Amino acid sequence: MTKTEQICLKPPKSDLKSENVAKLDKLNPSFLQYHMNSNRQGTYILIFIFLIFCSVISKAQTTESVLEKFKKANEIRFTDYNRSLVILDQCYKDFINLKDTLNAVKVLRRKAYINGHHAKYKLSYDCLWKALSLASSSGNKKMVATLYTDIGRYYGFYKRKKAAFDFMNKSINIKKELINKEQEKPSILVESYNSMCALNREFKDFKAAKQYLDSCFLYVDESTSNLIPELRFEEAVILANTGKINQSIKLFDEVHEEFLGQNPSYNVLVLTHQGLAYQENGQLDHAERNYRKALEVSETYDSHRDFANLIHEYLSKVYFMKGNLPLAYEELKKVKELDELFFDSRSENNRSLLEIQDQFRVEQERAEALIQKQKLNELESAEEILFLQRTILIIALGSLITLAFLFFKYIRNKYETEKRIVKQNQELKIQKTNELLELKNREMAVSALKVIEKEEIIDEFKSNLEKTDWKIEPNKLKRAVKSLKVNHNQNWEEFETRFVAINSQFYKNLHTEFPDLTAGDDKLCALIKLNFNSKDMSKLLGISIESVHTSRYRLRRKLGLERDDNLTDFIMKF
């Protein structure tokens, strides 16, 4: 800022030092201090919001990095499943630290899936049980239902039919409850119905399997369209087992192509069941080829290892039907080895699993009995719990409303304080200006009165001069009187100049509303604003009192005033 600008910004000096001006000077420091405190509080609030924002972003970035590791584990599970499991273990720990229960459950499900493909059912079951515990504690019913489906499938692998269907039905009932409450769409049933279809098919109940499959196609939508190849596979299996061999073989070919791009490891099942269809149709060479290709796919993608014993059993039957007994015997040996490894309860891999399963069933029955026993107590305390929940909700809402009210009140008080301070400053400035104007008008009135007094002396001198029988030449006398009149006009011009300087907007406002006013009207209005009486007006204007009255009357008509309207009060408004 230049010196010239600084000078221009400085307020004009005044000799007037009123009490209100002193108040204004005292008010400014507190006003500045208030704004400094307000700015400091605003800065703290902004810093607090910034820290919260950074924390959210940091957590999002951390979650994103763990999801990237989770994706990597899925990518390498076909080539190095042990390394994949190690990465998944770390992902699980990271999600637990982030308190991301949903993703932690997804990691455990993936571990169970990979272990299951390698017939490590104990580890799979442990992961699913841990996942079920997490999902239950978080209240995620949809995930609980999904885990019940997974657990039911593992019971099915061990031919534990009742337990398998119990878990499946629990899953379906939970999902139906969510649908009835309009919390989920009917399409969430597709996954459970698909698993129920597969379970019935494995237990040779193809009629029930077909019913569940039809329900799947009824509810499938965009969110579950990824399951369509699996549904078509189940359809092909059902066709093969209900006498429609050729139709099923053709459908297996189509499904095989679909899985090549989406989930090639699933072709272990597709090729195996298509081989069974060929075998049923008497096409033993095609069946043998399919079984061998299924084993190759299992080896290539390191998946469905638990299915290998069935494939060797089917190969044994094919060789027996071909009359190649040595090869049939070799395949039976492999079947026995794999059975002992994967499914024999005496194997180290599965003994503890069955123990855990039995223990889980016992604990579940005990828990259900305890639940039944506690139902009466729960019903009695339900009303009390509901009251407590409502009380907590009311307190929470009350606290939220109170905080909102206090914040609103703070903002409003801040605004009102600033508004009041600005208004006080404006009022003090206006008052200062009015006081200065009043002072100047008072000074001008005093000056005008002195002029009037001077005029009275001059008039008296003129009167005496005209009455005195002095021997003065007439021409000289006229010149003296004329000079007095000139002096009178100069006095008025000086008065008007000072009036306009002090009341700069008076004539402008007056002529804006009444443009027809004459110069004489302006003089009369100025004297009325200064509250001069008719006698003083006549002296300043150099006219008689009667002329002043006439001029006032004419002015009232021009201003459109009624008889009851006060001319002085009206002029004071301008």
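Me: Which residues is Ile151 in contact with, leaving aside its neighbours within four places in sequence?

Reply: Contact means heavy atoms within 4.5 Å. On that basis Ile151 touches Tyr125, Leu128, Leu132 and Phe167, once neighbours within four places in sequence are left aside. This is a predicted model, in which local features need pLDDT of at least 70 and side-chain atom pairs count only at pLDDT 80 or more, while totals for chains, interfaces and linings use all residues. Residues are numbered from 1 along each chain as its sequence is written, and side-chain values use heavy atoms, with hydrogens and water left out.

Me: How many residues does the largest nonpolar core have?

Reply: A nonpolar core is a set of buried Ala, Val, Leu, Ile, Met, Phe, Trp, Tyr and Cys residues joined through side-chain atoms within 4.5 Å. Buried means under 20% relative accessible area, exposed over 50%, and partly exposed in between (1.4 Å probe, protein chains only). The largest such core here has 58 residues, and Ile151 is among those with the most contacts inside it, together with Leu88, Cys91, Val105, Val107, Leu147 and Tyr155. Helix H7 (residues 161-180) gives the most to this core, nine residues. A second, separate core has 33 residues, including Phe233, Val237, Ala240 and Tyr319.

Me: At what angle do H11 and H12 pack?

Reply: Two packed helices are described by the angle between their axes and the distance between the axes. Helices are DSSP runs (H or I, at least four residues), numbered from the N terminus. Axes are lines fitted to C-alpha atoms over the stretch in contact, and angles run from 0 to 180 degrees between N-to-C directions. For H11 (residues 245-262) and H12 (residues 267-280) the angle is about 160° and the axes are 10 Å apart. H11 is therefore roughly antiparallel to H12, the class for angles over 145 degrees.

Me: Which residues of H20 and H21 meet?

Reply: Ser534, Lys535, Met537 and Ser538 of H20 meet Ile545, Val548, His549 and Arg552 of H21. Helix H20 (residues 534-541) packs on helix H21 (residues 545-559) at about 100°, with axes 8 Å apart. The two are therefore roughly perpendicular, a class that covers 65 to 115 degrees.

Me: Is Gln279 buried or exposed?

Reply: Gln279 lies in helix H12. Its relative accessibility is 12%, so Gln279 counts as buried. Beyond neighbours within four places in sequence, Gln279 is in contact with Leu284, Ala287, Tyr291, Tyr314, Lys317, Val318 and Met321.

Note on methods: Angles under 35 degrees count as roughly parallel, over 145 as roughly antiparallel, 65 to 115 as roughly perpendicular and the rest as oblique.
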